[in-house]
Amino acid sequence: MLKNLCKRMFKKSIWVYHCNTGACNGCDIEILNILTPFYDVERFGIKLVASPRHADAMLISGAVTRPTLPLVKRAYEAIPNPKLVFAIGSCATGGGAWFDTYNVTGGVDKVLGVNYYIPGCPPRPEAILYGVALALGLVDKQAAPVELKQMEFPIDMYERNEAWEKRNVIYELLK
Amino acid sequence: MWLTSKIKQLLMVMKPGVVTLDYPNERPPVPANLRGQPVFDHQKCIGCGGCSDHCPSRCILVRDVCQELRVMLYDGSRCTYCGRCADICPEQAITMSNSFEIACDDKDDITTRMELFMMSCQRCGRCYEMEKTNAIDRINLKGFRYDNLEQRALIRKTSETFSTELLKESDNYQRPSKK
Ligand code: SF4
Ligand code: SF4
Ligand code: SF4
């Protein structure tokens with residue numbers, strides 16, 4: 001549903017507003033990196049704008065800190081509907097290493113509804129491009145939850161008891 | 001003047017040609033030392049919880065469901081890909097893979113859940129202690145392999161199915177010594 005909406009609404013271009021909510025600058029540098037001629041995100045029609053009122057999407061980096069919390073909310077409300085939120089970096093996706101510290105709300109999704117998560121500390125420019133391409137429906141999602149299960153001991157219960165009895169000479173001695 | 005400078009600029013940019021990487025269609029090789037998402041090997045993991053203790057973002061959670069089952073949950077949304085868990089793991093059960101294209105629209109997509117089978121006494125809940133060695137001898141042992149069954153005649157190894165070869169192999173098993 002969301003993908004279709006993205007495709008229809010943002011077919012030509014997404015104007016993004018980059019919002020730093022307490023990032024260490026690592027993620028911001030990588031966001032700037034995708035605007036350079038080498039990665040050149042503008043070939044997707046993505047343009048960085050200075051005001052949230054012009055934007056379709058919001059790139060948020062950094063765990064939302066307490067001082068920036070009301071400002072982030074106001075910036076989010078200023079973006080006209082429909083809007084997309086990208087959480088960029090581990091800090092934005094889940095709070096990073098400081099998800100439970102006193103001054104941090106712990107991830108953007110605690111404050112706003114996030115549409116796309118791009119984890120990494122900082123994410124590679126390719127990873128950010130991948131997230132953007134995912135939102136535009138150009139690539140498929142590669143991540144999936146992993147479930148691993150360890151099997152029990154190789155020793156079957158019956159054979160285990162047998163092996164134990166064979167080796168358990170103490171009963172023989174007591175007889 | 002204006003025109004000549006423009007021509008000069010044009011010549012300047014013509015020399016390198018197109019530098020832009022056509023990313024989602026053309027993938028450059030990843031650097032050899034890239035640390036991506038950690039990958040867990042449940043066959044090797046012994047459930048010691050060392051990775052969980054050393055993770056700076058506390059994103060590996062250890063939960064004991066019951067006495068014999070330990071569930072480890074890796075929450076990739078907080079992971080900073082520092083590689084400390086892989087460094088600390090005594091069994092090398094964690095490797096830092098080079099996958100970084102893990103953008104998703106659901107946080108659950110970047111989690112790993114591991115169910116580990118733990119060996120402990122059914123009565124007291126401790127690990128088995130069946131060695132008759134002294135404390136100095138025990139230092140030689142690899143700590144976590146210590147809790148073996150039946151007078152260390154059986155090595156604790158996991159396999160997908162029960163194999164008699166593994167049992168036979170473990171019949172005459174002697175623990176490695178430094179001599
Ligand atoms: S995810 Fe890493 S690089 Fe990005 S803001 Fe947080 S600490 Fe800095
Ligand atoms: S790479 Fe670092 S942050 Fe991620 S699980 Fe391992 S120790 Fe934790
Ligand atoms: S440190 Fe290694 S062996 Fe210990 S619980 Fe973590 S993955 Fe398993």
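Reader: Which strands make up the open sheet of four strands, and in what order?

Author: Strands of a sheet pair through backbone hydrogen bonds, either parallel or antiparallel. Here the order is β6(A)-β5(B)-β3(B)-β2(B), with mixed pairing. Two strands pair if DSSP finds at least two bridges between them, and strands (E, at least two residues) and helices (H or I, at least four) are DSSP runs, numbered from the N terminus. At the edges stand β6 (146–149) of chain A and β2 (60–66) of chain B, each of which pairs on one side only. The twist averages 15° from one strand to the next; axes for such angles are lines fitted to C-alpha atoms, for helices over the stretch in contact, and angles run from 0 to 180 degrees between N-to-C directions.

This is a predicted model, so local features need pLDDT of at least 70 and side-chain atom pairs count only at pLDDT 80 or more, while totals for chains, interfaces and linings use all residues. Residues are numbered from 1 along each chain as its sequence is written, chains are lettered from A and ligands numbered from 1 in the order in which they are written, and side-chain values use heavy atoms, with hydrogens and water left out.

Reader: In what sense do β6(A) and β5 of chain B pair, parallel or antiparallel?

Author: They pair in the parallel sense over four bridges, with β5(B) covering residues 111–117. One bridge to find on your screen joins Val146(A) to Thr112(B) in β5(B).

Reader: Which strands pair with β1 of chain A?

Author: Strand β1(A) (residues 14–20) pairs with β2(A) (residues 46–49) in the parallel sense over four bridges, and Trp15(A) stands opposite Lys47(A) there. β1(A) also pairs with β3(A) (residues 57–61), again in the parallel sense, over five bridges; look for Val16(A) opposite Ala57(A).

Reader: Which hand does the β-α-β unit of β1(A), α2(A) and β2(A) have?

Author: A crossover is right-handed if, with the strands pointing away from the viewer, the path from the first strand over the helix to the second runs clockwise. The unit here is right-handed.

Reader: Now the ligands. Which residues surround ligand 1?

Author: A residue is near a molecule if one of its heavy atoms lies within 4 Å of it. Around ligand 1 you will find, among them, Cys24(A), Cys27(A), Cys91(A), Trp98(A) and Cys121(A). Helices α2 (26–33) and α4 (90–94) of chain A each give two or more residues to this shell.

Reader: Is Cys59(B) buried or exposed?

Author: Buried means under 20% relative accessible area, exposed over 50%, partly exposed in between (1.4 Å probe, protein chains only). Cys59(B) has 1%, so it is buried. Gln92(B), with 52%, is exposed.
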